[in-house]
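Please look through the sequence and the model shown here before reading the briefing. The notes are arranged by topic, so that each can be followed on the structure itself.

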Amino acid sequence: MRLSRSFLPTLKENPAEAQITSHRLMLRAGLIRQTAAGIYAWLPAGWRVLQNIAEIVRQEQNAVGAQELLMPTLQSAELWKRSGRYDAYGPEMLRIRDRHERDMLYGPTNEEMITDLFGQVIKSYKELPQVLYHIQWKFRDEVRPRFGVMRGREFYMKDAYSFDLDYDSSVDTYRRMMLAYLRTFQRLGVRAIPMLADTGPIGGELSHEFLILAPTGESGVFFDSALEEQDWLGQDVDIADRHSLEQFFTRMTSFYAATDEKHDTAAWAQVPAARQREGRGIEVGHIFHFGRKYTESMDITVSGPDGAPLFPEMGSYGIGVSRLVAAIIEASHDENGIIWPESVAPFRAVIINLKSGDSVCDAMCEKLYAAAPEHFLYDDRAERAGAKFADADLMGHPWQLIVGPRGAKDGKVEIKNRRTGERTEDTVEGALALVMKTPG
């Protein structure tokens with residue numbers, strides 16, 4: 001994308017309405033614009049980040065056998081009345097009546113709809129397990145939406161739902177999802193700590209939430225620092241083997257981690273003092289096991305091994321894709337702007353032409369840009385160098401490829417790493433090889 005032709009409106013000053021860092025930087029870097037209270041349009045750069053996050057989430061869901069579908073945002077109230085949640089959910093649910101006087105709602109979650117869809121299709125225990133997910137917009141009518149997309153009313157979310165024959169099988173699925181989540185967050189370039197949590201209005205008994213550490217987090221957190229050192233991508237877990245899953249889960253839960261609501265001071269005292277970490281965290285994912293709560297309330301059965309009907313065991317698994325954008329920024333920024341992990345950045349690099357109109361500089365920039373136009377933002381504007389550097393830091397591109405008359409004459413590109421600030425020089429080919437390396 002050429003910056004001179006892009007829809008990427010950066011701001012020099014902090015917007016007055018933005019109270020936290022991520023909201024300020026998302027507005028200033030041209031990722032979003034507010035259209036109504038708690039509702040945002042995602043501009044091209046912001047949408048690219050959302051898509052990058054969603055694709056990593058999708059890959060890790062598929063890796064543990066989940067199947068993607070797409071459910072509508074509007075739901076019939078009848079589904080929620082069958083489960084008993086229509087009146088119990090509260091004013092956060094946006095209730096709608098269509099022209100035929102039918103009660104509808106803008107879905108805040110999809111347990112009822114997926115359970116009904118499952119019941120229409122799956123009839124026998126031989127067709128279990130089933131894990132279904134989608135990545136879709138949700139709406140919860142927050143009484144005080146604030147902090148930008150961190151607590152907006154409309155949000156983009158991955159929600160998955162599992163159906164298993166019995167309790168033990170459903171716990172296996174829960175553990176597969178736990179592994180998928182840990183690998184997802186590691187690939188996103190963040191450390192999301194899994195912590196025991198309350199189940200809230202979803203219901204159920206087994207529950208973990210995943211929190212990214214940030215000073216603006218809403219929850220107090222206590223955890224063993226050994227959790228931050230784990231390489232979940234490198235761990236050899238056979239997701240088809242119950243014993244292997246149990247070993248993984250036992251290891252993961254052996255490290256203390258809990259929100260302030262679940263904090264156990266006696267267990268905390270057993271963690272070596274050098275490894276005790278306290279702080280605040282932003283919830284970006286939540287997994288629940290809730291058994292037969294919805295299959296029973298909605299009377300959804302399959303025929304069991306003996307031919308008798310049985311209620312499948314269920315779980316649900318959410319990741320806040322749009323919230324993750326803000327949480328990553330809260331955890332990864334400096335005084336100059338965003339510092340994107342390479343795996344989610346809207347562009348791998350920005351090409352900064354320090355002398356637009358100079359034939360040698362222009363030719364080198366065009367050569368760089370032509371190598372991967374889908375991954376590079378080319379700052380070809382007729383702006384002073386200081387403005388270009390400021391915008392590059394603000395937008396947080398992992399790499400800056402800086403082309404000036406002196407270096408270009410010698411066939412050299414200056415390469416700046418946004419995270420470390422380190423600067424090196426290399427040829428066009430060397431710079432491209434460095435920048436286009438697949439993120440770890």
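What follows is a short briefing on strands, helices, aromatic rings and a few single residues. The model is a predicted one, and this should be kept in mind throughout.

- Three strands make up an open sheet in the order β4-β6-β5, and their pairing is antiparallel.
- The edges of this sheet are β4 (74-76) and β5 (94-97), each of which pairs on one side only, and the twist from one strand to the next averages 35°.
- Between β5 and strand β6 (residues 103-106), which run antiparallel, there are four bridges, and Arg 95 stands opposite Leu 105 in β6.
- Arg 95 also lies over the face of Tyr 86, at 4.8 Å from the ring centre.
- The ring of Tyr 86 has the charged end of Lys 81 over it as well, 5.2 Å from the ring's centre.

**Strand β10 and its partners**

- Strand β10, which spans residues 206-213, is mostly covered, since six of its eight residues are buried.
- With strand β9 (residues 192-196), β10 pairs in the antiparallel sense over five bridges, and here Met 195 has Glu 209 of β10 as its bridge partner.
- With strand β13 (residues 276-291), β10 again pairs in the antiparallel sense, over eight bridges, and the bridge partner of His 208 in β13 is Ile 287.

- Five strands form an open sheet with mixed pairing, and their order is β20-β19-β21-β22-β23.
- The edge strands are β20 (376-379) and β23 (423-426), and each of them pairs on one side only, while the twist averages 25° from one strand to the next.
- Within this sheet, strand β19 (residues 349-353) and strand β21 (residues 399-403) run parallel and are joined by five bridges, with Ala 349 standing opposite Trp 399 in β21.
- Helix α11 (residues 385-395) lies across β19, β20, β21 and β22 (413-417), and the helix runs at about 175° to β19.

**Aromatic rings**

- A pair of aromatic rings is described by two values, namely the distance of the centres and the angle of the planes.
- The count of aromatic pairs in the model comes to 15.
- One of these pairs is Phe 118 with Phe 163, whose ring centres are 3.9 Å apart and whose planes are at 0°, so the pair is stacked.
- This pair links distant parts of the chain, because Phe 118 belongs to helix α4 (residues 111-121) and Phe 163 to strand β8 (residues 154-164), 45 residues apart.- Phe 118 counts as buried, with a relative accessibility of 2%, and Phe 163 likewise counts as buried, at 0%.
- Phe 290 and Tyr 294 form an aromatic pair that is edge-to-face, with 5.0 Å from centre to centre and 75° between the planes.
- Phe 290 is buried at 4% relative accessibility, and Tyr 294 is buried at 1%.
- Trp 47, Trp 137 and Tyr 156 form one aromatic cluster.

**Asp 172 in helix α5**

- Asp 172 lies in helix α5, which spans residues 167-187.
- With a relative accessible area of 7%, Asp 172 falls under the cut-off of 20% and is therefore buried.
- The side chain of Asp 172 makes a polar contact of 2.6 Å with the side chain of Arg 242.
- Leaving aside residues up to four places away in sequence, Asp 172 touches Arg 242 and Leu 245.

**Met 436 after helix α13**

- Met 436 is found in the segment after α13 (428-435).
- Leaving aside residues up to four places away in sequence, Met 436 touches Arg 348, Ala 372, His 375 and Phe 376.
- Met 436 and Ile 32 are 404 residues apart along the chain, and their C-alpha atoms are separated by 27 Å.

Notes: Residues are numbered from 1 along each chain as its sequence is written. This is a predicted model: local features need pLDDT of at least 70, side-chain atom pairs count only at pLDDT 80 or more; totals for chains, interfaces and linings use all residues. Side-chain values use heavy atoms; hydrogens and water are left out. Helices (H or I, at least four residues) and strands (E, at least two) are DSSP runs, numbered from the N terminus. Buried means under 20% relative accessible area, exposed over 50%, partly exposed in between (1.4 Å probe, protein chains only). A polar contact is a pair of N or O atoms within 3.5 Å; within protein, one must be able to donate a hydrogen and the other to accept it, and residues adjacent in sequence count only if both atoms are side-chain atoms. Contact means heavy atoms within 4.5 Å. Two strands pair if DSSP finds at least two bridges between them. Axes are lines fitted to C-alpha atoms, for helices over the stretch in contact, and angles run from 0 to 180 degrees between N-to-C directions. Rings of Phe, Tyr and Trp (its six-membered ring) pair if their centres lie within 6.5 Å; planes under 30 degrees apart count as stacked, over 60 as edge-to-face and the rest as tilted. A charge sits over a ring if NZ of Lys or CZ of Arg is within 6 Å of the ring centre and within 35 degrees of the ring normal.
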